[in-house]
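Here is a short report on one protein structure. Look at the fold first, then read on.

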Amino acid sequence: MRAIRVQFKPVGKRYYFGVGNLNVQNGTRVIVNTIRGIELGFCVGEPFELKAEDLSSELKDIVRIATNEDYKAYLRNKELEPTVLEKTKYYAKKSNLEIKVLEAEYTLDCSKLIIYFESEGRVDFRELVKNLADEYHTRIELRQVGSRDGAKVFGGIGPCGLIVCCQTFITQFDNVSVKMAKNQNLSLNPVKISGNCGKLLCCINYENDLYTELRRFAPDTGDIVETAEGPAKVLSCDVINKNLKVKYVNEDNKFGYLKLEDVKFTPSKDKKKIIEEEDNDYSL
């Protein structure tokens, strides 16, 4: 089936929609029916063949290509959103709600107003919904999002000195774990490996596959390797530069720095098993 990716906001998540007989291409404005209602989205990329096994749910078709009137309505709604945000913050403060109001957006026909907020715990926002419904006379939906989504809205500068990735090119967040940081010999100081959101830096995920591949045939810390001066215990392994720091087993206080190609290393049974499983995955 022919499909195309549709995006609703800059650097937002992309969703698959069926193309049908419509002539759409990159940048085409389209009207689609989502779980939130009728929305205007923007096509990203060109149509492509999507296999049924790649779908996690039923694929909806694009309703139609957006008209100029649709786009004007979309822009009018965008102009209203800052006022909605301020009003929501006012009512939240009035109700003594400890929430951080992030975004507000209307569906194209204004039949629903969705407001996104961040909070550390559960919030009873029934009074807030009632006040907003009386103010805007439409269906109100409040959605609580995580700290990563909150940081994406506010943006900022990352530890690298550049604008945070979530505001420039990340369309959806991947899992990042402390294991990945250990895999790359990064400092486990939370201050150094956490982003503006307080979670682990997304960029830790970028090079993890490379480090994992390089470590497949490299010794781990604590492994014994054979060197020209006898057996030695690995104290650290820099897989990028292929350097080892070792302590010689037969001499009490002798340490050394060696290249990976200068030592002989026999992977443990567990590591051999992992390598074999990965090789089988690659051959499928």
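Predicted model: local features only at pLDDT ≥ 70, side-chain atom pairs only at ≥ 80, totals over all residues.

The report below goes through the sheets, the cores, the open spaces and a few single residues.

Now take the pairs one at a time. S1 and S2 are antiparallel and share 5 bridges. Within that pair, Ile 4 has Phe 17 in S2 as its bridge partner. The hairpin of S1 and S2 has 6 residues between the strands. There, Val 11 takes a positive phi near 55°. Strand S1 (residues 2-7) also runs antiparallel to S4, with 5 bridges joining them. Arg 5 finds its bridge partner in S4 at Val 44. S3 and S4 are antiparallel too, joined by 6 bridges. Here Asn 33 is bridged to Ile 38 in S4.

## The four-stranded sheet

Another open sheet has 4 strands, in the order S9-S10-S11-S12. Its pairing is antiparallel. The edges are strand S9 (224-227) and strand S12 (255-259), each of which pairs on one side only. From one strand to the next, the twist averages 45°.

Zoom in on one pair. S9 and strand S10 (residues 230-238) are antiparallel, with 4 bridges between them. Glu 226 stands opposite Pro 231 in S10.

## Two nonpolar cores

In soluble globular proteins, nonpolar side chains tend to be buried together. The largest nonpolar core here has 18 residues. Which of them touch the most other members? They are Val 84, Ile 99, Leu 113, Ile 115, Leu 128, Leu 132 and Leu 142. Several elements each supply at least two residues of this core: helix H1 (68-94), strand S6 (100-106), strand S7 (112-118), helix H2 (126-136) and strand S8 (139-144). H1 gives the most, with 4 residues.

Leu 142 shows how the packing works in detail. Leaving out residues up to four places away in sequence, Leu 142 touches Ile 115, Phe 117, Phe 125, Leu 128, Val 129 and Leu 132. A second, separate core has 14 residues. Among them are Cys 237, Val 239, Tyr 248 and Val 263.

## A cavity and a pocket

How many cavities of 30 Å³ or more does the whole structure hold? The search finds 1. The largest cavity has a volume of about 130 Å³. Its lining includes Phe 8, Arg 36, Tyr 74, Glu 81 and Glu 105. Strand S4 (37-49), H1 and S6 each give two or more residues to that lining. H1 has the largest share, 4 residues.

The largest pocket has a volume of about 1,300 Å³. It is lined by 42 residues. The closest to its centre are Phe 8, Gly 12, Lys 13, Tyr 15 and Arg 36. Elements that give two or more residues to the pocket lining are strand S2 (14-18), strand S3 (29-34), H1, S6 and helix H3 (147-154).

Which residues of H3 are buried? They are Ser 147, Arg 148, Gly 150, Ala 151 and Lys 152. The cover over these buried residues includes S6 and S7. Just after H3, Gly 155 takes a positive phi of about 70°.

Arg 215 lies in helix H6 (residues 208-215). Is Arg 215 buried or exposed? Arg 215 counts as buried because its relative accessibility is 13%, and buried means under 20%. From Arg 215 to Gln 167 is 48 residues in sequence. In space, the two are 32 Å apart, C-alpha to C-alpha.

Terms used:
Residues numbered from 1 in each chain as written. Heavy atoms only, no water. Pairing = 2+ DSSP bridges. Axes fitted to C-alpha atoms, helices over the stretch in contact; angles between N-to-C directions. Core = buried A, V, L, I, M, F, W, Y, C linked by side-chain atoms within 4.5 Å. Buried < 20%, exposed > 50% of the residue type's maximum accessible area, 1.4 Å probe, protein only. Contact = heavy atoms within 4.5 Å. 1 Å grid on protein atoms, 1.4 Å probe; cavity = no way out; pocket = protein on both sides within 12 Å on 5 of 7 lines; lining within 4 Å. Points joined across faces, edges and corners; volume = space filled by probe spheres on them.
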